[in-house]
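This report describes selected features of one protein structure.

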Amino acid sequence: MASATPLKDIDEQFLQCCICMDQLKEPKILPCLHRYCRECLKKFAKKGAKKIECVTCREKHTLPKDGIDGLKTDFNTKNIIEFLQLQESVKVDPLRTCIHCKKKLKASAFCFRCNDFLCKTCHEFHASSSIVRDHHPHIFSLSEAEAANLTIQKLSSLREAPRCQAHPGKLSELCCTTCANLPICVPCTYGEHQGHNLKEVASLAKIQREMLRAKVVELMQYKEEAYQMQEEIRKTKEKLDRNVKKEELKAQEQLDAEEERIKKEIRNAEEEMKRKQAELEEEVKAKTSTRKKDLEERMKKLREEYELVCEEERREVEASYKKLQGENERGTERLQEGLCILNNEIKELLTSLKTQKDEQARKIGELSDHFDGIVKRFETVTKTVDCIHAAENDWADVQCIPDVCKAIDLLREDGEKGSQGLENLSAVEVRGLSPAVTVRCKAGISEGMESVIDVPSVKRGWWINDITANEDGSIAVIGPASPGQIHLTVINMRGDLLQQKVIRGSTPYCTRRCSFLTQYQIAFIYDDGDKLGIYDMKDQSLKLATVKDVITNWPSNQWVHSVTTDPANGNIIVGCDSRNVYVFRDQLNRIKTITIPAVIKCASDIAMHEGGLLVCDSSSGKAFAVTVHGAASQVKYEFTKPTIGEADWWPRSVCTDQDGYVYILWRYGSRSVIVQYSRDGGQIEMMREVDRNHDIRSMTTVQTNQGEKLLLCKRSPPQILVYGLV
């Protein structure tokens, strides 16, 4: 709207309440500059509510102490509506009771000071009489009501100054800027407003209009960016859809390739089994034929011996065939399990993609709704500013313009805030699939050691208590060094020293355990059973904490006995010689305590497995798998002890391989046996007894170029025994 905007050009929607969808009545204006009927707002707002949400832009605003009544009235809009109602009433019934002569005649004019109609005769008197000289500027001839050039500025000039709130009988002559531009009369300057900052309304209105023009210039610079944001949102959503579809296709292609590879391996294994069966049959035939020729000459005397030999050979073939068949069935079963795992991972990946897409789409939708509100608020601000410029109503401007400027600042701030991070909403994070399932038709532990790794960097007189390995084949061992010290040594598969850290302790004999938290970070425990640390291989830094200082109410007779890690969640899990298991973050701050079942007395060694915890209890001589969800855990199952002799075996160490199989080192005196369990712990797959000359302390698994290996560490002399997982 220009300064001479005719009333007929005003958009009807600008004067419409978005709640009742009718023309505004007693319009109240919110800080976002959207207007509503006073009564509509009272019905819409909850009783006693301190905030109200704008129906149009969904912005939430804090209500004044007086509630809806405390919101500012939009005088410009109210004046326009009242004049339009005046126009309409004259059209419907031109006969009106004159305020002077009290006769019902055709109305000729309307006095905004008297707030009533005048007939033609009284109009002429009213306009010329010196008695009502102060009414002259406020008399409006109804012949101008239909004029096309009647402007908002002309209408504003007809209105008298607002009444003083403290003295309703007097017109306001000044504005108190100390009290938010409150209109006041002269007597108020000697009373409540004495000493306040008082301004003449015309000069204050001029200052406020200049400030508004500056704000509008700033807003116009932002306008194009705000309107273009909706197009950017649409493009971002399309990019998200394309990225998700691309990742879904990639995942499906990988699944198809892996499925075909595994099926091929299964076919090859079946063919190999058939070939070996045929070889065995040919071998038996050859042996039988040779012996038959030798025995034909002595047939009568040696028939019984011949039959016995045939029966022995037959049993040997059956045993060999059953062994071969069992190995083939276990290999096929593992391949099928691998394919099942891969299928589940693909399903999880697709579910993750859909979840991410839904979340990103939700955020894009919220951003779109946000900028819909921004655009609506921008249009409202534009219309409001045009109306202010058009009316040039000093009293209304000094009341309204500060709120408009504040709304413009908030509009820019909300717009800039909403556009942040838009470029990230088209991206999806795809977790890679697990390494391909290794085909192991003869699953188990090699019959003998493959090699022995000497560790010369562990000096004479030093020991090894525990061992751990990371994904790139680095091996870390920990143990006591010289009195009052421990060593943390990192080597490769050849025994070459990569790094070594000597740490000062206070106790010569204590538990020392370690576990890789990340590829470069090693979590460990040491000293009097209450020290926890993290060693970073990248910068060789050391982070230490005393557990009993971190955890309140630490029992005086409780010692730390074991440590493992949950790299997926960045957690360190610490076991004690009690039922307490503590979970720490990489900053060595405790995040929760888990109470393991009462059947377990001491967590002498622990390992994470399929979302649960494997626990070796040296006190009870048993090993368990327990849950770790919540503060209290439950026993999932108990591992079966080895069946070698009548020895009462007790568990020393536990670990898992990449396929989820569990390995427990059982001890009895100087004897050690490694037992391989199925993934669910319900079945013993294989047992291997270790040479009694080896004092085995702990074990772990490591992935090498020649496949996965099982590593057993000797305390002294410091050596690592390597077994193959074939």
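Two strands are said to pair if DSSP finds at least two bridges between them. The model discussed here is predicted.

**Strands 30 to 32**

Strand 30 (residues 650-656) and strand 31 pair in the antiparallel sense, with six bridges between them. Strand 31 is also joined to strand 32, again in an antiparallel arrangement, by seven bridges. Strand 31, which spans residues 662-668, is mostly covered, since six of its seven residues are buried.

Both pairings are hairpins, and a glycine with a positive phi is found in each, as the table shows.

| Hairpin | Residues between the strands | Glycine and its phi |
|---|---|---|
| Strand 30 and strand 31 | five residues | Gly660, positive, near 90° |
| Strand 31 and strand 32 | two residues | Gly669, positive, about 60° |

**Helix 3**

Which residues of helix 3 are buried? In this helix, residues 120-128, they include Cys122, His123 and His126. These three lie on the same side of helix 3, because they cover an arc of only 105° around the axis. The buried residues of the helix pack against strand 7 (109-111), strand 8 (116-118) and strand 9 (139-141). The face turned away from the buried side carries the exposed residues Lys120, Thr121, Glu124 and Ser128.

In soluble globular proteins, nonpolar side chains tend to be buried together. The largest nonpolar core of this model has 27 residues, of which Leu212, Leu219, Phe371, Val381, Val404 and Ile408 touch the most other members. Helix 5 (201-296), helix 6 (299-391) and helix 7 (394-419) each supply at least two residues of this core. The largest share, nine residues, comes from helix 5.

A second, separate core has 20 residues, among them Cys37, Leu41, Cys57 and Cys387.

**Lys223**

Helix 5 also contains Lys223. Is this residue buried, exposed or partly exposed? Lys223 has a relative accessible area of 35%. Buried residues lie under 20% and exposed ones over 50%, so Lys223 counts as partly exposed. Lys223 and Val375 are 152 residues apart along the chain, and their C-alpha atoms are separated by 8.8 Å.

Technical notes: Residues are numbered from 1 along each chain as its sequence is written. This is a predicted model: local features need pLDDT of at least 70, side-chain atom pairs count only at pLDDT 80 or more; totals for chains, interfaces and linings use all residues. Side-chain values use heavy atoms; hydrogens and water are left out. A nonpolar core is a set of buried Ala, Val, Leu, Ile, Met, Phe, Trp, Tyr and Cys residues joined through side-chain atoms within 4.5 Å. Buried means under 20% relative accessible area, exposed over 50%, partly exposed in between (1.4 Å probe, protein chains only). Helices (H or I, at least four residues) and strands (E, at least two) are DSSP runs, numbered from the N terminus. The arc is that of the directions from the helix axis to the C-beta atoms. Contact means heavy atoms within 4.5 Å.
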